[in-house]
Amino acid sequence: MAESSYLVFPNIDPVIFSIGPLSVRWYGMMYLVGFVAAYMLAQKRLSQTNWTRDQLSDLLFWGFVGVILGGRIGYVLFYQFGMFLEDPTYLFRIWTGGMSFHGGLLGVLVALAWQAKRMNATFLQIGDFVAPLVPIGLGAGRIGNFLNAELWGRPADVPWAIIFPGAGEQPRHPSQLYEFALEGVLLFTILWLFSAKPRPTGAAGGLFLLGYGCFRFIVEYFREPDQHIGLYSVGLSQGQLLCVPMILLGAGLMMWAYMRKSPVQKSEQS
């Protein structure tokens, strides 16, 4: 296929607008969109719990903080540990970019564990409530990756392949959009419908871990591996290796939840 038949990534300014020294970027805006959408949908499910709006606001706020801190720390430890050893201040240079979903997940889990004690609820109850909301932010974040022309896919000859700036002249899979479709839209739909009815405690959280782990594992075959890491000898990327424990934990948590056979009732979520 001739190069002219491929799509060429448009010239999109990563900065939406600037006010003095402050610049609003697409990626940051996508984080905000994901947070606002999650909050609005959480309010629709609030009647299923005995929590107040203030408790909900605190839960989502600290969950968001967990995403930011965990995402940055996870990126540095999982993907740039060598650079961190050379210069520990790299951890704090957030403006240089670099966030990890798996690190963000760990940050959220810490925040949920803390909030569970404050809200007189169990960790699994909190996790089941939050799980359907997470894919919204994931999907928005992948759109931000696409608009930033980053985290592109592997070379491809499919009709929808895109030539990204900074990625050479080879057309590539728009893997950011694949992740948006699977980890964002599809995973949200599955979890939202699944959690609409009473389920055993831990089932929704387990389904999130299992679903995301499987979808991310698949998309990694189309996503360009990190240049400084590449593929391991087993042929898997760093992202795929990090998804393996998620898949195992998610499947195990769902099995445990259904073996207990204790559906969540409205009165349980306090």
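**Exercise 1.** In this predicted model, the side chains of Glu179 and Arg223 meet in a salt bridge. Determine the N to O distance of this pair and which parts of the chain the pair ties together.

*Solution.* 
1. The N to O distance between Glu179 and Arg223 is 3.3 Å, and a salt bridge requires a separation within 4 Å.
2. Glu179 belongs to helix 7, whereas Arg223 sits in the loop between helix 8 and helix 9; the pair therefore ties together parts that are 44 residues apart in sequence.
3. Buried means under 20% relative accessible area. Glu179, at 1% relative accessibility, counts as buried, and Arg223 is buried with a relative accessible area of 9%.
4. The pair is part of a network: salt bridges that share partners join Arg142, Glu179, Glu183, Arg216, Glu220 and Arg223.

**Exercise 2.** Locate Glu183 and Arg142, and state whether they are buried or exposed.

*Solution.* 
1. A salt bridge links the side chains of Glu183 and Arg142, with 3.5 Å from N to O.
2. Glu183 is in helix 7 and Arg142 in helix 6 (residues 134-147), so this pair ties together parts that are 41 residues apart in sequence.
3. Both Glu183 and Arg142 are buried.

**Exercise 3.** How many salt bridges does the 4 Å rule give?

*Solution.* The count comes to seven salt bridges.

**Exercise 4.** Compare the span of helix 9 with the expected value, then identify its buried residues and what covers them.

*Solution.* 
1. Helix 9 (residues 238-260) has 23 residues and reaches 34 Å from its first C-alpha to its last.
2. That span is close to the 33 Å expected at 1.5 Å a residue.
3. The buried residues of helix 9 are Gln238, Gly239, Gln240, Leu242, Cys243, Met246, Ile247, Gly250, Leu253, Met254 and Ala257.
4. Their cover includes helix 2 (53-79), helix 4 (101-118), helix 5 (123-130), helix 7 (175-194) and helix 8 (203-219).

Notes
Residues are numbered from 1 along each chain as its sequence is written. This is a predicted model: local features need pLDDT of at least 70, side-chain atom pairs count only at pLDDT 80 or more; totals for chains, interfaces and linings use all residues. Side-chain values use heavy atoms; hydrogens and water are left out. Helices (H or I, at least four residues) and strands (E, at least two) are DSSP runs, numbered from the N terminus. The expected span of a helix is 1.5 Å times one less than its number of residues. Buried means under 20% relative accessible area, exposed over 50%, partly exposed in between (1.4 Å probe, protein chains only). Contact means heavy atoms within 4.5 Å.
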